[in-house]
Amino acid sequence: DELFERSVHVTALRDEDFTAVLGAEWQNQRHTKIDLSSDRFYLDSLDGGPQGGLLHPKLVRSKLIFIDVSNNNLLDINLLSKASGFDNLGTIMARRNHIAKLSLHLPTLVELNLAYNEMRVMPSLTGVPMLETLILSHNQLSGSLENLKSSMRIKRLDLAYNSFDWTPSQLAQALEALSHLRSLGNLRLYNNKFVACFKEYQIFVVRKLKSLQKLDDVLITESMRIDIQETEIQALEIYDDAFKKRQDALEKRMSAKSKGISSLGNSGMAKLQNIMASLEEIVEDPASLAAQVPLVREQAEKYAAASGAGLFSVEETFWENLGTGTQSQISANISYIMELISLVMERHDTARGSLVDTLGYLSCVVSNDLGQQCLDTLRRMMLSSDACREEAVRGLQSIVIPTVMNFGKQNIFSANTKTMLLGLVNLVAENEIRDEVCTIMEELLPLTIEWFLHEDNLSEESAHILKILAYGSGPEEYAQACATEELAERCIHNLENKTLIDNLRLRPMWLDIMHMSWNIIRHGSDEMVKMFY
């Protein structure tokens with residue numbers, strides 16, 4: 001069946017393809033949009049085939065304002081020009097092709113997306129004088145930005161995930177070129193080679209580009225700009241020697257780390273950078289959902305599985321190459337990832353399960369409060385719609401609780417255990433979902449009770465465990481499970497501990513023990529109640 005075969009790999013456009021995309025009357029209509037990005041197509045060229053492709057004599061091109069040729073096998077899109085009849089073309093989407101060179105002549109073009117291609121040098125843009133949005137992320141760009149000088153209308157420029165390896169002095173030249181873009185408000189540069197060895201670059205970018213409102217997805221506030229402008233810094237050229245030393249040191253660390261990572265086999269190690277890139281791709285290209293969501297989940301699961309390996313710093317590897325710098329930048333990256341996860345779940349119900357799993361696995365990440373934010377996202381899901389609540393409960397039961405149990409049995413004082421227990425405390429503190437969360441945490445009670453019965457010296461390090469006991473023993477059935485003579489005696493012993501009462505830092509723990517005791521008194525037997533009086 002020719003139609004079936006061609007639906008798998010259309011390499012050149014024919015009449016029936018225009019019919020499938022534009023409708024049966026396409027020859028008699030003036031279309032403004034044409035989308036050739038679906039799985040039906042794998043075009044080798046835009047003018048191929050006996051009927052001329054997009055140069056088909058019966059296709060009215062003069063009214064087209066939007067063309068999407070993403071996900072094809074194109075080497076160039078230079079056919080899309082005013083000379084070919086594209087008089088009003090304003091947007092070209094050409095993601096995921098094999099485009100290495102560009103020579104466009106489209107006076108009306110406003111937006112050009114060439115993400116995930118094979119560009120190696122910045123193309124000349126003199127033929128697109130009205131261009132406002134240029135997306136070149138996930139290419140292989142390096143070298144100069146001089147060709148951007150002619151594009152003074154550009155407002156949004158995405159150069160993230162490329163191969164720019166500028167020294168500080170070369171960065172100064174790049175910024176000089178970018179300063180010609182007087183309307184530039186949104187710029188992405190992270191995940192380029194130079195970033196790993198010169199994390200201070202953002203200060204110089206903000207200082208040089210006065211119109212910039214957002215850098216690397218972080219909003220530039222007025223107070224931030226004032227602080228940067230008032231900071232005394234040296235010329236970029238001064239940092240070249242330090243940059244070279246950092247490069248050498250990084251190369252040595254990466255070489256040593258690759259030997260450690262290889263000992264884990266071919267599975268590789270999870271990186272937050274990879275998770276963020278996959279989420280960004282889903283947002284930019286919904287067609288990638290089926291392929292990318294499982295990868296996000298897999299990376300998160302790898303992190304949780306490797307956290308106890310001890311072969312090398314899992315935490316350090318996980319954060320590697322995220323383009324992190326100051327603590328505020330790290331926090332901004334984490335918030336951005338949480339926003340991406342929420343956005344994808346909101347737009348795609350089918351992705352919710354895998355992304356809830358992702359949040360569950362990442363809830364044990366110690367650094368930078370990522371684990372806490374993952375659990376907080378699950379908390380907010382439980383407080384939203386019934387569908388979200390049901391999915392969040394499943395994630396907590398199937399992933400979060402087993403994971404914290406695993407860490408807790410190894411070491412109840414570990415940073416991983418503490419991070420997850422504190423996140424669960426925030427969930428159980430919500431009145432609306434408390435009983436449901438207590439039910440989910442039922443498995444944790446024996447572990448925490450066993451610790452409490454055998455811990456003679458309470459300290460601030462154990463505050464998270466007492467919080468779980470105080471809240472977890474609230475519902476009647478769990479209070480009754482806690483109402484043993486041994487546990488009551490331990491509570492009474494600690495309530496009489498003057499160190500806990502008199503020390504302001506330890507007093508919250510004394511109050512948690514009081515809370516647990518009250519739960520036992522309310523739901524325990526008469527004999528149990530008499531022990532407290």
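Here are some numbered notes on what holds this predicted model together, side chain by side chain.

1. Let's start with the greasy part. The largest nonpolar core has 161 residues, and Leu54 and Ile77 are the ones with the most contacts inside it. Helix H13 (residues 386-410) gives the most to this core, with 10 residues.

2. Have a look around Ile77. Setting aside neighbours within four places in sequence, Ile77 is in contact with a run of other residues, including Leu46, Val69, Ile92, Ala94, Leu104 and Leu114.

3. Now try helix H19 (residues 485-495). Which residues are buried there? They are Leu487, Ala488, Arg490, Cys491, Ile492, Asn494 and Leu495. These buried residues pack against five helices: H16 (444-454), H18 (476-482), H20 (498-502), H21 (507-523) and H22 (526-530).

4. Arg96 is worth a stop. The side chain of Arg96 meets that of Glu281 in a salt bridge, at 1.9 Å from N to O. This pair links distant parts of the chain, 185 residues apart: Glu281 sits in helix H7 (residues 272-284), while Arg96 is in the loop between strand S3 (91-93) and strand S4 (111-113).

5. Overall, the structure holds 22 salt bridges. In one of them, Asp248 and Lys244 meet at 3.0 Å, N to O. Why are these two about one helical turn apart? Because they are four residues apart in helix H6 (residues 240-262). Asp248 is partly exposed at 32% relative accessible area, and Lys244 is partly exposed at 44%.

6. Another pair is Lys149 and Glu146, whose closest N and O atoms are 2.9 Å apart. Lys149 is partly exposed, at 30% relative accessibility, and Glu146 is partly exposed too, at 38%. Elsewhere, salt bridges join up into a network linking Arg297, Glu301, Asp357, Glu391 and Arg394.

7. On to the rings. A search of the whole structure finds eight aromatic pairs, and Phe164, Trp166, Phe194 and Tyr201 form one aromatic cluster. If you like charges over rings, check Lys33 as well: it lies over the face of Phe66, at 5.2 Å from the ring centre.

8. Asn416 belongs to helix H14 (residues 415-428) and is buried, with a relative accessible area of 14%. What does the side chain of Asn416 reach? The backbone oxygen of Cys364, at 2.9 Å.

Definitions and conventions
Residues are numbered from 1 along each chain as its sequence is written. This is a predicted model: local features need pLDDT of at least 70, side-chain atom pairs count only at pLDDT 80 or more; totals for chains, interfaces and linings use all residues. Side-chain values use heavy atoms; hydrogens and water are left out. Buried means under 20% relative accessible area, exposed over 50%, partly exposed in between (1.4 Å probe, protein chains only). A polar contact is a pair of N or O atoms within 3.5 Å; within protein, one must be able to donate a hydrogen and the other to accept it, and residues adjacent in sequence count only if both atoms are side-chain atoms. Contact means heavy atoms within 4.5 Å. Rings of Phe, Tyr and Trp (its six-membered ring) pair if their centres lie within 6.5 Å; planes under 30 degrees apart count as stacked, over 60 as edge-to-face and the rest as tilted. A charge sits over a ring if NZ of Lys or CZ of Arg is within 6 Å of the ring centre and within 35 degrees of the ring normal. A nonpolar core is a set of buried Ala, Val, Leu, Ile, Met, Phe, Trp, Tyr and Cys residues joined through side-chain atoms within 4.5 Å. A salt bridge is a side-chain nitrogen of Lys or Arg within 4 Å of a carboxyl oxygen of Asp or Glu.
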